[in-house]
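Please look over the following points with the coordinates open.

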Amino acid sequence: DPRRWGAGYVHYNPPRNPKSKVVNTHKGRITGKGYRPKRAVNRKGQAELGLRGMNYRSGYVGGGNYIDLGAGLALGYRPVESAGVELSYSQFSQAVTSSSSDRLNRPLQAVGQVYLFPWTKLSPFVSAGYAWNRVDFDDHYRVDGHDRQATKEGTLRGPVVGAGLEYNLSKNLGISAEGRYLMYDNLTDLD
């Protein structure tokens, strides 16, 4: 019986009509009246196109870490307001200003996203999915005073998880910041 749900606070997505009345009940008695809050945004059914600038932090199996700069594109769709899907492609290079590089990472990621407060301007979200990363290494690096070389070419794959914040500047424009962790399950395939 919905009239018995009134003990405590439960926060639901506000409806699209900001003038609809809210009546809170507890054991059949009216405990409060008011108007539902106005939505700042509504992303249900929207397609998204995003440009990205980011860095990629990784390392070699035998030791040694690196951070590369990159850029990419993301396509997304929100079938419901609080959940979406995204397909993104990026390219990270050791030498951003040069036409050739000793190290390239080109991840393709397919993720689902859940937004915690999708009707507000600032919404935290989590992502989970799968990634494929085409790597091409011919890199010389130094670990513990020893010169090493990584020469690898192939595709890494594995699950990806992330968390971030989305800020909606207007109805059709927003920015987001997100950190993702890629867990490759076939690192030994490239040894």
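1. R103 lies over the face of Y66, at 4.0 Å from the ring centre, and the charged end of R78 sits over the ring of Y115, 3.6 Å from its centre. A charge counts as over a ring if NZ of Lys or CZ of Arg is within 6 Å of the ring centre and within 35 degrees of the ring normal.

2. This is a predicted model, in which local features need pLDDT of at least 70 and side-chain atom pairs count only at pLDDT 80 or more, whereas totals for chains, interfaces and linings use all residues. Residues are numbered from 1 along each chain as its sequence is written, and side-chain values use heavy atoms, with hydrogens and water left out.

3. Five aromatic pairs are found in a search of the whole structure. One of them joins Y130 and W132, whose ring centres are 5.1 Å apart and whose planes meet at 65°, so the pair is edge-to-face (rings of Phe, Tyr and Trp, the last by its six-membered ring, pair with centres within 6.5 Å; planes under 30 degrees apart are stacked, over 60 edge-to-face and the rest tilted). Y130, at 28% relative accessible area, is partly exposed, as is W132 at 35% (buried means under 20%, exposed over 50%, partly exposed in between, with a 1.4 Å probe and protein chains only).

4. W132 also belongs to a nonpolar surface patch of about 830 Å², made with L49, L51, L73, L75, L87, Y89 and L108. Strand β4 contains L73, which is partly exposed at 47% relative accessibility.

Technical notes:
Patch = residues over 30% accessible without salt bridge, like charges linked within 9 Å, V, L, I, M, F, W, Y side chains within 5 Å. Areas by Shrake-Rupley, 256 points an atom, 1.4 Å probe, with all protein chains shown as cover. Salt bridge = Lys/Arg side-chain N within 4 Å of Asp/Glu carboxyl O. Helix = DSSP H or I, 4+ residues; strand = E, 2+ residues; numbered from the N terminus.
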